Amino acid sequence: MTEQDDWQREFDIGWADSAEHKEPSARARMLAARWKENPPGPVPFRADPTPVRGSRRGSWVSTVVVLGCVAAVIVLLWGGRR
């Protein structure tokens with residue numbers, strides 16, 4: 001028997017998948033224990049987005065800042081040519 005055959009027999013995924021009992025992962029066990037004592041509340045599939053206050057002012061201010069930086073770079077580059 002070759003080394004390849006030994007490796008294939010040891011790590012045969014089909015054999016592992018056909019096991020009758022599969023142990024849950026550590027995270028699944030942890031969540032099951034937590035939910036047993038304190039079950040989670042219902043969560044909608046797609047919740048309505050909550051409006052963010054001040055988003056219009058934030059976008060206006062950020063636009064001014066970006067344009068100001070671009071203008072400053074242009075002035076610095078233009079001033080270096082003279």
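Biologist: Where in the protein chain is confidence lowest, and where is it highest?

Modeller: Where pLDDT is low, the predicted coordinates should not be read in detail. The protein chain averages a pLDDT of 80, and 85% of the residues score at least 70. Helix H1 (residues 3-10) has the lowest confidence, with a mean of 71, whereas helix H3 (residues 26-37) has the highest, at 93.

Biologist: How many helices and strands does the protein chain have?

Modeller: There are four helices and zero strands. Read from the N terminus, the order of elements is α-α-α-α.

Biologist: What percentage of the residues count as buried?

Modeller: A residue is called buried when its relative accessible area is under 20%. By that cut-off, 1% of the 82 residues of the protein chain are buried. The accessible surface of the chain comes to about 8700 Å², and carbon and sulfur atoms contribute 61% of this area.

Biologist: Which side chains meet in a salt bridge?

Modeller: Side chains of opposite charge can pair when their charged atoms come close. The structure holds one salt bridge. It joins the side chains of glutamate 23 and arginine 29, with an N to O distance of 3.1 Å. The distance qualifies because the cut-off is 4 Å. Glutamate 23 is exposed, at a relative accessible area of 61%, while arginine 29 is partly exposed, at 41%.

Biologist: Which residues form the negative surface patch?

Modeller: The patch consists of Glu3, Asp5, Asp6 and Glu10. Aspartate 5 lies in helix H1, the helix with the lowest mean confidence. Is aspartate 5 exposed or partly exposed? Its relative accessible area is 35%, so it counts as partly exposed.

Biologist: Which residues make the nonpolar surface patch?

Modeller: Trp60, Val61, Val64 and Val65 make this patch, which covers about 390 Å². Tryptophan 60 is placed in helix H4 (residues 55-81).

Biologist: Why does tryptophan 60 count as exposed?

Modeller: The term applies to residues with over 50% relative accessible area. Tryptophan 60 has a relative accessible area of 59%, and therefore counts as exposed.

How values were computed: Residues numbered from 1 in each chain as written. Heavy atoms only, no water. Patch = residues over 30% accessible without salt bridge, like charges linked within 9 Å, V, L, I, M, F, W, Y side chains within 5 Å. Areas by Shrake-Rupley, 256 points an atom, 1.4 Å probe, with all protein chains shown as cover. Helix = DSSP H or I, 4+ residues; strand = E, 2+ residues; numbered from the N terminus. Buried < 20%, exposed > 50% of the residue type's maximum accessible area, 1.4 Å probe, protein only. pLDDT = per-residue confidence, 0-100. Lys, Arg positive; Asp, Glu negative; His and termini not counted. Charge placed at Lys NZ, Arg CZ, Asp CG, Glu CD.
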